[in-house]
Amino acid sequence: KEPLGTAGPLALAREVLGKDDSPFFVLNADVTCEYPFEKMRDFHMEHGNEGTILATKVEEPSKYGVIVTQPKSTRIERFVEKPVEFVGNRINAGIYIFSPSILDRIELRPTSIEKEIFPKMASDQQLHTFDLEGYWMDVGQPKDFLTGTCLYLSSLAKRNPELLAPASEEYVNGGNVLVDPSARIGKGCKIGPNVTIGPNVIIGDGVRLQRCVLMEATHVKDYAWIKNSIVGWHSSIGRWSRLDGVTVLGDDVHIGHELYINGASVLPHKSINANVCEPGIVM
């Protein structure tokens, strides 16, 4: 057994995906955006060709593979990898919708959909681009996950502000705070901006949270300070401890009292009882 790349798994699911004429979505798991599924579906059905790629515009296209369309058309002409000269600023956003006929192009072997399948579809004039409105972020790295969370919370503030903690809450500081109803928050806390608090989280008194994500069932004890960090499920932060520098705690990690953790990536089921002053992996 070996990895099948970004296209091979579609051949593995041929019987399911090709059971009728309905189009299907394919998504990269490490992107966040506003996911315009219905608009994308309608656009794909309207042009009637084999595939549609969601595209986002970037300021520095030379860092990416750029999509070039035919003049005054959404039909893709070619792809240019990290162009030296400006040929466009649309890049692949990692979300696609395909008609089942694409399965005829894919063999059950390791295959790259971006490098092997898409160029052939473009050559056959069977591939279109659909422009994404709003934010987009590749969240495959912790620092990018935090940035993507900030973008998501800003989007919520514009589109669904009722889902965020109201500014009238005493603990809200700077806005964009998403709190699960089951979470418990102590007295005298300052939370925000850009904080996500998951289910069954317990936050003690006097805690300061900023630009961080607390996963389910975490426990932040009194007067802890957390910024630019991701706290994994069932983890705990001791009293007066401080997390910063894109610290990432795995599942069931326990930080002692009065500690400073700077940029550490801590693997699951660990207990930390000393300062971690330099970024690195704690195994």
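A pocket is an open set of points on a 1 Å grid over the protein atoms alone, with protein on both sides within 12 Å along at least five of seven lines, and its lining residues have an atom within 4 Å of a point. This is a predicted model, in which local features need pLDDT of at least 70 and totals for linings use all residues. Residues are numbered from 1 along each chain as its sequence is written.

Select Thr56, Lys57, Val58, Glu59, Glu60, Lys63, Tyr64, Trp136, Met137 and Asp138: they line the second largest pocket. The volume of the second largest pocket is about 250 Å³. Colour the strands (DSSP runs of E, at least two residues). β8 contributes three residues, the most to this lining, and β3 (51–57) also supplies at least two.

Next, select Tyr64, Gly65, Glu81, Asn92 and Glu114, which lie nearest the centre of the largest pocket among its 21 lining residues. The largest pocket has a volume of about 530 Å³. Five lining residues, the largest share, come from β6. The lining of the largest pocket comprises ten nonpolar, four polar and seven charged residues, where Asp, Glu, Lys and Arg count as charged, Ala, Val, Leu, Ile, Met, Phe, Trp, Tyr, Cys and Pro as nonpolar, and the others, Gly among them, as polar.

Finally, select Tyr35, in the loop between β2 (31–33) and α3 (37–47). Is Tyr35 buried, partly exposed or exposed? Tyr35 counts as partly exposed because its relative accessibility is 31%, between the limits for buried (under 20%) and exposed (over 50%), with a 1.4 Å probe and protein chains only.

How values were computed: Predicted model: local features only at pLDDT ≥ 70, side-chain atom pairs only at ≥ 80, totals over all residues. Heavy atoms only, no water. Helix = DSSP H or I, 4+ residues; strand = E, 2+ residues; numbered from the N terminus. 1 Å grid on protein atoms, 1.4 Å probe; cavity = no way out; pocket = protein on both sides within 12 Å on 5 of 7 lines; lining within 4 Å. Points joined across faces, edges and corners; volume = space filled by probe spheres on them.
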